[in-house]
Amino acid sequence: MRRLGSTRRTRRTRRTTRAVAAGAVCVAALAALTAVPAQADEPERRAPRWELKDTGAPEVRFRGLSAVDRNTAWVSGTQGTVLRTTDGGATWRNVSPPGAVDLQFRDIEAFDARRAVVLAIGEGEASRVYRTEDAGATWTESFRNTDAKAFYDCLTFFDRRHGLAMSDPVDGKFRILSTSDGGRSWKVLPSDGMPAAQEGEAGFAASGQCLVASGPKDVWLATGGAARARVLHSSDRGLTWTATDTPIPAGDPARGVFALAFRDRAHGLAVGGDYRADQPSPQAAATTGDGGRTWRPAGSPPPAYRSGVAWLPHSRTAALAVGPTGTDLTTDGGRTWRTVDTGSYDTVDCTAGPSCWAAGEKGRVARLER
C-alpha cells in the first residue's frame, strides 16, 4: 500500500515534470524563431511570441513588473499607477494607492494575487514604500524617506518576510533598507560592511532589477554612472558586501549595468549599456558562474541597450533580455544573444508556471504566448 507521503512526492514529481517539459518546449520554439526563417504559407504564430494585453493606460510607462503566475501579474509606473490582472491580461484593475499621482512606481514585488509591495523612487520624500494585503483595495505607506541625500531605486525579497531596498550612495556608500515582516516596517542597515562608492556611481531605476535576490540570503546590486560598472554582492542579507567590476562599459552617467538575474546563487546575467537612444551600447551583457566574483562579456551581446533580463522558467541556459528596441534570447547561458522581437519593453519577469511577462512605455504589457 502506497503511503500518503509517497503519493505527494509522486504528484509533485509529475507536476515538476510537466512544468519542465513545458519550459523546454518554450525554449526550443523561441530558439527556432531565430534560426529558421518563417515560410510565407506557414501559420504565422505557432512559436512563442509576445502578445500585447490592453491595459487601458497608454499614458503610463510601466517599469515595475511582478508576475505571480500565468494568470496573475502586477505592474507599476508613472502617475502613481498600479494595475493588476488575474485573468492573464484580458482585463486590468486600477489598484493605485490614493493620492500617489505625482509618484513614480519603478518597482513592485508581489507575493500572490492579494499581497504586494511597491516602491516609489525619487529624491527625499518622493522615495516611499506602500504595501497591500487586499489586492490593492487599500494600501499602507510603510516607509517614507526623510533624508534629502537618499534616492531609492529598487527593492527585492528573499521570501515573504525578508526584503531589501537600495538607495544611491549617501555619504559615500550605497544605503540599504531592510524589512523582516513582509514590508510592513523598514530600517536602514549599518553601512560598515558596504564598500565605498566610486565618484558618480549610482543605481538605475529602469526596470526594478538593479537589486535582485536568489535563495534565502544572497543579493546583488548593479551600478553604473562611474568609471567602472560594478556588481556588489552580499551573502548575509545586506549586512556585508563585496564589489566586482564588470566588462559592461561605464564612464558616463548614462552607462552601466541596468539589470541582473540569477537562476541560483552562482549563475547570473547582467545587461545594460547606454540608455540614450543616439548612443551605441557595445558589450551590453555579461555572465557569471561564481556568484558575481568574476564577470565575462557575452561573446555576441544584444545589439543595443537592454534594461531588463530574466531566466526562462525551468531552464539552465535560456533567458530573455528586453529594452526599448527589442527582445533578445540566449540559449547558452548568456554567451550569445539573438533578437526575437522588436517591440519596446523596459522590464521582464518569468514565473515557474511557466510564464513570462514584459512591460514598458505607452501602457505596453505583454505575455509570452504559444
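Which residues is Leu-221 in contact with, leaving aside its neighbours within four places in sequence?

## The model and its overall build

This is a predicted model, in which local features need pLDDT of at least 70 and side-chain atom pairs count only at pLDDT 80 or more, while totals for chains, interfaces and linings use all residues. Residues are numbered from 1 along each chain as its sequence is written, and side-chain values use heavy atoms, with hydrogens and water left out.

The protein contains one helix and 28 strands, where helices (H or I, at least four residues) and strands (E, at least two) are DSSP runs numbered from the N terminus. Of its 370 residues, 56% count as buried, a term that stands for under 20% relative accessible area, with exposed meaning over 50% and partly exposed lying in between (1.4 Å probe, protein chains only).

## The nonpolar cores

Leaving aside neighbours within four places in sequence, Leu-221 is in contact with Met-166, Phe-174, Ile-176, Cys-210, Leu-211, Arg-230, Val-231, Leu-232, Trp-241 and Leu-260; contact here means heavy atoms within 4.5 Å. Leu-221 is also among the residues with the most contacts inside the largest nonpolar core, which has 28 residues. Such a core is a set of buried Ala, Val, Leu, Ile, Met, Phe, Trp, Tyr and Cys residues joined through side-chain atoms within 4.5 Å.

Several strands, including S11 (163-170), S12 (173-179) and S18 (255-262), each supply at least two residues of this core, and its largest share, four residues, comes from S15. Apart from this core lies another, of 15 residues, among them Phe-111, Tyr-152, Leu-155 and Val-170.

S22 and S23 (residues 319-323) pair in the antiparallel sense over four bridges, and the bridge partner of Gly-308 in S23 is Val-322.

Ser-300 is found in the loop between strand S21 (296-297) and S22, and it counts as partly exposed because its relative accessibility is 31%. Beyond its neighbours within four places in sequence, Ser-300 is in contact with Arg-335, Thr-336 and Trp-337.

Methods. Two strands pair if DSSP finds at least two bridges between them.
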